[in-house]
Amino acid sequence: MGILGLSKLIADVAPEAIKECELKHLFGRKIAIDASMCLYQFLIAVRSEGAQLTSVDGETTSHLMGTFYRTIRLVENGIKPVYVFDGKPPTLKGGELAKRAERREEAQKQLQAAEEAGNAEDVDKFNRRLVKVTKQHAEDAKQLLKLMGIPYIDAPCEAEAQCAAMVKSGKVYATATEDMDALTFGSNVLLRRLTFSEARKMPIQEIQYDKVLHGLQLNKEEFIDLCIMLGCDYTSSIKGVGPKRAIELIRNHKSLEKILDNLDTKKYPVPEDWNYKDARMLFIEPEIKDPEEVDLKWNDPDEDGLVQFLCGDKQFNEERVRNGAKKLVKARHTGTQGRIDSFFKILPSTTPQKRKTDDKKTSNKKAKTTGGGRGRKPK
């Protein structure tokens, strides 16, 4: 789910925090990609266009096709992707996961009814609601990335939290995901739509965290409390409090504790045993791997290994797979120039007073060399 309504709130209140760009503008950047979100997009995109791509045994391969070709596209544009996979979900997420299971069960019933009625449009809609990234999908993708020479990380918990930590440490430039909670975890830059197909004709959105805070007129702690009020994966939200009311309350009272002290609970009923403090701590101190201990290496692909893995039972075209591997090698060895801003350091500007002092020293030195500047020859 991410953070309910946050993207629209930022667009309405802090539009200067969002800019649109093309893939080529990210040349030379290292980017942490939320792998599960990425795989989900590929599974949904292919299913919406018809039946899933499958192996001879009927196993889905849409996620592999999307990961293979989209990653090649990123690397060809000079981007260094690193995929981050979810670990175990935090205990607080149990309620959200239970709700998702209920929605899937309901979608399954509606799908059966749509099939019996012969309603193709509804069949497609409910089929997409049933798409789920499984452990096997993730393992397949990891094996593929290893053969492609692309690094990946197994996060101990939430992938978005790990991505955000990597950005904050300077290991990578941005987090690429559709889940807005990457900002709640403090990612300096969030990229949305990065892994969308170009067929969607949608530009990439780049959201700057510091500009979000400035535009919303909040500090980091207040922003986290706002996100909890809007609705997150870890706890319920206050009934009747929408985005407009939520930001007004945070600006006026600065914290959820003060809001609860002043809130009309008859008009806005607070969930029983509301565990907002635990949710807050998950955002402030998430379980992550220390970014300094993460070693990121991009290598040449194993062309024969890719052919063995993707062709045959998985029914990928061998010529296309080999061409893809060659594109990876070419991009890796021709895209080494990097961004100009990675080569040059901006030095602090010299103040007028400092310039005057430096000019005076230079003048005095010159005067001594030339005998005081009065036409005398040095002795």
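A quick definition before we start: a residue counts as buried when its relative accessible area is under 20%. Keep in mind that this is a predicted model.

Q: Is Ser187 buried or exposed?
A: Ser187 sits in the loop between helix 8 (181-184) and strand 6 (189-192). The cut-off for buried is under 20% relative accessible area. Ser187 has a relative accessible area of 0%, so Ser187 is buried.

Q: Which residue's side chain makes a polar contact with the side chain of Ser187?
A: Leaving aside residues up to four places away in sequence, Ser187 touches Ala164, Val167, Thr175, Ala182 and Tyr209. The polar contact, side chain to side chain at 3.0 Å, is with Thr175.

Q: At about what angle do helix 3 and helix 6 pack?
A: On the helix 3 side (residues 62-76), His63, Leu64, Thr67, Phe68, Thr71 and Ile72 meet His137, Asp140, Ala141, Leu144, Leu145 and Met148 of helix 6. By class, that contact has seven nonpolar, four polar and one charged residues. The crossing is right-handed. The axes of helix 3 and helix 6 are 10 Å apart, and the packing angle is about 35°.

How values were computed. Residues numbered from 1 in each chain as written. Predicted model: local features only at pLDDT ≥ 70, side-chain atom pairs only at ≥ 80, totals over all residues. Heavy atoms only, no water. Helix = DSSP H or I, 4+ residues; strand = E, 2+ residues; numbered from the N terminus. Buried < 20%, exposed > 50% of the residue type's maximum accessible area, 1.4 Å probe, protein only. Polar contact = N/O pair within 3.5 Å; in protein donor to acceptor, adjacent residues only side chain to side chain. Contact = heavy atoms within 4.5 Å. Axes fitted to C-alpha atoms, helices over the stretch in contact; angles between N-to-C directions. Left-handed = near helix turned anticlockwise from the far one by under 90°. Nonpolar A, V, L, I, M, F, W, Y, C, P; charged D, E, K, R; others polar.
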